[in-house]
Amino acid sequence: MNGRYSRQVRVAGIGEAGQAALGSSRVLIVGIGALGTHAADALARAGVGRLWLCDRDVVDRSNLQRQVLFTEADADAATPKAVAAAQRLAAVNREIEIVPHVADCSAAFLDALPERPQLVLDGTDNFATRYLLNDWCARAGIPWLYAGAVGTEGAAMVVMPAGPCLRCLWPEPPQAGDVGTCETAGILAPAIAAVTAFQVAESLKLLCGRDAEVTRGVFTCDVWRGSYQVVATASAPAPECPVCNRTAFPALVAGAPSAVTLCGRDAVQVDPPRRTPIDLDRLAASLAHAVQDLVRTPHLLRFAADGVRFSVFPGGRALLFGVQDPLRARALYDRWIGAC
Amino acid sequence: MLYLDHAATSFPKPAAVTAAVLRWYHELGVSPGRGDSQRTTEVTRLVEQTRQGLGRRLGLPGTRVAFTSGATESLNLFLRGFLRPGDRVLTTAFEHSSVARPLQALQRERQLALQILPSGTGGSLPVAAVQAALATFAPRLFVFTHASNVTGAVFDAAAFCAAARAAGTTTLLDVSQTAGWFDLQVGADAFAGSAHKALLGPPGLGFLAVREGVPVVGQKQGGTGSSRALAEHPAAWPTAFEAGTPNTPAILGLHAALHELDDAGMPTRRARAQAAIDALAAALAADPRVVLLQPPSGPRTPVLSFVRHDLDPAEIGAILDQADIHVRTGHHCAPWVHAWLGTEAGGTVRISPGADVTAADILAVSAALVD
């Protein structure tokens, strides 16, 4: 037996039945950067029948160090990440359906999908979208897989519809400047490989109907120190978690941050839906070594990054000069300023 | 909230205005000239009184005042209904997009020859420059704004209109920025304006008023509530420029606003707003990074534009918004003037209060910008 999936079918947990289940499954990956390309590559090769790839950004040269599936030609042409990944994977496995979505992952986007995915994988770089996935998947009754990596460390977790969910662990997203980002703390490619290995293995179990074998707890690793472990979490949802109690889904009502191109200007204003104050001093400290022209005035914080000049205000709003596309402005906001 | 964007639209409206609008929704509900009920008679009477009220302020009979959806529609209707292929048109660098864009469209469609009078020193428009352009260019139409919506400079419309009349040039005056603040009886051949700025009426309503004898042709055909049997739209004023169901609640709102705004009180209202502007200008000027974009002398609407060397106008807008002060930043839909002001990149911050503002209120602007 030398079929495409022959080696995988021999794994006890998969078998012919599992392979058939994979072939008829639908998986959404949100964020096709480092995490998303690793996961999409693995799931496409594993024979997931329908793979939906969602990303609003384009390929940049600084992505090539860790974001597999992309080439220098993609970076030169600034090809949308979802499109570049779908093209590459179509050459890897033409037996499956791969659909790119060049879009902002909002509640409206998720609601408008032609069919419900069976599983959602987190490949994002921001907590706003993770909390959206958390709340939307809980309401839809779909499991999702959290994953994140910064520096040499990573973490991943399976979130089942019955909980515990991301909000049970952390009721609110961390504040901008509180957590490192790939831009401020850097990122080592093996940290991505480690967390996506966990994420993909757990996905295969879920898609093959092996729910009982799913790992409980939070997988964490530091590939530099060589530590890999699963930290146990409570087995039941937090009693006060609104999502697990199905009393409220805050991320679904919070709305997306608005991004408006200023009339006649090469500038976009990004305004978070809830005006959560930002500690500009802390944000300045976290950005200090990653951005240029950092200036803190009593009223605002200014810096330049990715060829764009940012002015961030204490209320959470930001003006981005040198960009006209609101979608790109939101991606830049999430990348440099963080959760909103 | 401190609302300082009256040059865009006035807020809040007088209680009498919102009451008049609601009265139409709650009690009247009919359109003028449509039907024979008592209510129709009442509404028709109020609408005609509103026309007369506007006509009185413009120095024209009420029958020469047509209601439109706003100054933009009024300007488009006149320009399209008056200009012929190859016409020469004189205008100014201070125009709003509602003049600039239709003129540029007509320049392509009808091969107009267009001359734009540049700004004189400090954002002025000297009468001599207008006279010279009228003499050398001999335009068929001179279309100009009564006041700059960016600097507040009020131009000498009476002198411009007299010069144009002597040169045989028709004048179309945009009074959007001055109606409610200044006397409009300046002798223009045609006036375009909106109800929702300093006239304190509702949005969605404007007017086009044209002196008898000016050859302007209506651009819309439709129902009028009269002359049903005619196959053609009536050519008589004001019906020639009104087709379809009018915005009656807004007209009744403007009726109430005109009643509130007695002309005798206009100088007092203007002086109060101007005193506030002057106090703010003085406070802002204390900061060496601030550049005020004010006309050096002459009459002004209560509008103050400024920039600051160290901040983008959009940044200033965001800082003021965090202090719950609503102003306008950017280019203010005035495409040509920024080349003369040196503010092409980011435009300006524009402060435009209403007549109820106090100097103490408005100083919140300079206070919010202290660092």
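Helix α3 of chain A, in this predicted model, runs over residues 34–46. The helix has 13 residues, and from its first C-alpha to its last it reaches 19 Å. At 1.5 Å a residue, 18 Å would be expected, and the helix comes close to that.

How many of the 13 residues of α3(A) are buried? Ten of them are, so the helix is largely enclosed by the rest of the structure. A residue counts as buried here if 20 or more other C-beta atoms lie within 10 Å of its own. Just after the helix comes Gly47(A), which takes a positive phi of about 95°.

The domain assignment divides chain A into domain 1 (6–251) and domain 2 (257–336). Taken over C-alpha atoms, the centres of these two domains are separated by 27 Å. Twelve residues from domain 1 of chain A and 13 residues from domain 2 of chain A take part in the contact between them. On the side of domain 1 that touches domain 2, two residues are nonpolar, five are polar and five are charged.

Chain A also touches chain B. This contact takes 16 residues from chain A and nine residues from chain B. Which element of chain B gives the most to the side that touches chain A? It is helix α9 (residues 313–322) of chain B, with five residues. By class, that side of chain B has three nonpolar, four polar and two charged residues.

Definitions and conventions:
Residues numbered from 1 in each chain as written. Chains lettered and ligands numbered in written order. Predicted model: local features only at pLDDT ≥ 70, side-chain atom pairs only at ≥ 80, totals over all residues. Helix = DSSP H or I, 4+ residues; strand = E, 2+ residues; numbered from the N terminus. Expected span 1.5 Å × (residues − 1). Buried ≥ 20, exposed ≤ 12 C-beta atoms within 10 Å, placed from the backbone. Domains from an automatic or database assignment. Contact = placed C-beta atoms within 7 Å. Nonpolar A, V, L, I, M, F, W, Y, C, P; charged D, E, K, R; others polar.
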